[in-house]
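Trainee: Could you walk me through this model? I'd like to know what stands behind each label we put on it.

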Amino acid sequence: MHTEVAVIGAGAAGLMAAIQAAQRGRRTVLLEKNRHPGLKILISGGGRCNLTTTRTGADLEAQYGLARGRFLRHALRSFPPTALREFVEAAGVPLQEEDLEKIFPVSQKARDIVDALLRLVQRSGATLRTGCVVRGVVASGTGFALDTDLGPIRADSVVLATGG
């Protein structure tokens with residue numbers, strides 16, 4: 001199999017990366033070792049999904065400390081919490097602000113966030129493969145060779161979104 005973009009990990013970051021790559025017209029495959037994507041999203045906020053914060057700019061960066069805030073500055077300003085809120089609400093999930101500057105789905109169900117992201121993956125044209133362990137990634141020529149449970153995959157680009 002050959003793809004332009006292989007995204008490894010179907011958590012929040014991997015789902016978003018696959019959506020963005022596919023929406024930009026790239027042939028994209030999203031690989032997840034678990035049978036179900038977005039497992040950590042489902043447990044965040046006690047199962048309600050503490051999606052984001054109301055903080056922005058320097059105030060948001062300060063929450064990460066000086067060094068980390070500086071490191072994250074470009075990402076936080078390129079896609080601030082307000083953009084994430086707009087993205088999720090446009091995907092059909094109404095949000096509400098709660099105490100301590102936290103944003104949750106009105107439904108109080110993390111499942112609604114995961115389902116919305118999975119709908120966007122499907123609409124984008126990205127291919128999701130669950131139960132797929134990636135054993136290795138090797139630079140090969142102008143791209144990458146992935147060794148997976150589902151067989152070899154060649155990709156022009158690879159996004160590692162396997163969490164911390």
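Mentor: Let's start with strand β1: five of its seven residues are buried, so β1 is largely enclosed by the rest of the structure. Keep in mind that this is a predicted model, where local features need pLDDT of at least 70, side-chain atom pairs count only at pLDDT 80 or more, and totals for chains, interfaces and linings use all residues. Residues are numbered from 1 along each chain as its sequence is written, and side-chain values use heavy atoms, with hydrogens and water left out.

Trainee: What makes a residue buried or exposed?

Mentor: Buried means under 20% relative accessible area, exposed over 50%, and partly exposed in between, with a 1.4 Å probe and protein chains only.

Trainee: Which way do β1 and β9 pair, and over how many bridges?

Mentor: They pair in the parallel sense, over six bridges. There, Thr 3 faces Ala 155 of β9.

Trainee: What is the strand order in the open sheet of six strands?

Mentor: The order is β6-β2-β1-β9-β8-β7, with mixed pairing. What makes β6 (127-130) and β7 (134-140) the edge strands is that each pairs on one side only. From one strand to the next the twist averages 40°; axes are lines fitted to C-alpha atoms, for helices over the stretch in contact, and angles run from 0 to 180 degrees between N-to-C directions.

Helix α1 (residues 12-23) packs on this sheet, touching β1, β2 and β9 (151-160), and its direction makes about 170° with that of β2. Contact here means heavy atoms within 4.5 Å.

Trainee: Why is the unit of β1, α1 and β2 called right-handed?

Mentor: A crossover gets that name if, with the strands pointing away from the viewer, the path from the first strand over the helix to the second runs clockwise. β1, α1 and β2 make a right-handed β-α-β unit.

Trainee: Which residues of α6 are buried?

Mentor: They are Ala 110, Ile 113, Val 114, Ala 116, Leu 117, Leu 120, Val 121 and Ser 124. These cover an arc of only 160° around the axis, which puts them on the same side of α6; the arc is that of the directions from the helix axis to the C-beta atoms. The face turned away from that buried side carries the exposed residues Gln 122 and Arg 123. The buried residues of α6 pack against several elements, including α1, β2 and α5 (81-90).

Trainee: What about Pro 37, is it buried or exposed?

Mentor: Its relative accessible area is 10%, so Pro 37 counts as buried. Pro 37 lies in the loop between β2 and α2 and touches, among others, Val 114 and Leu 128.

Trainee: What makes the phi of Leu 100 worth a look?

Mentor: Most residues other than glycine have a negative phi. Leu 100 isn't a glycine, yet its phi is positive, near 65°. Leu 100 is in the loop between β4 and β5, and at 70% relative accessibility it counts as exposed.

Cys 49 also has a positive phi, about 70°, although it is not a glycine. With a relative accessible area of 4%, Cys 49 is buried.

Trainee: Why are β3 and β4 said to stand at the edges?

Mentor: Three strands form an open, antiparallel sheet in the order β3-β5-β4. β3 and β4 each have a single partner strand, so one side of each is left without a neighbour in the sheet. Four bridges join β4 to β5, and Glu 97 has Ile 103 of β5 as its bridge partner.

Key
Two strands pair if DSSP finds at least two bridges between them. Helices (H or I, at least four residues) and strands (E, at least two) are DSSP runs, numbered from the N terminus. Lists of a residue's contacts leave out its neighbours within four places in sequence.
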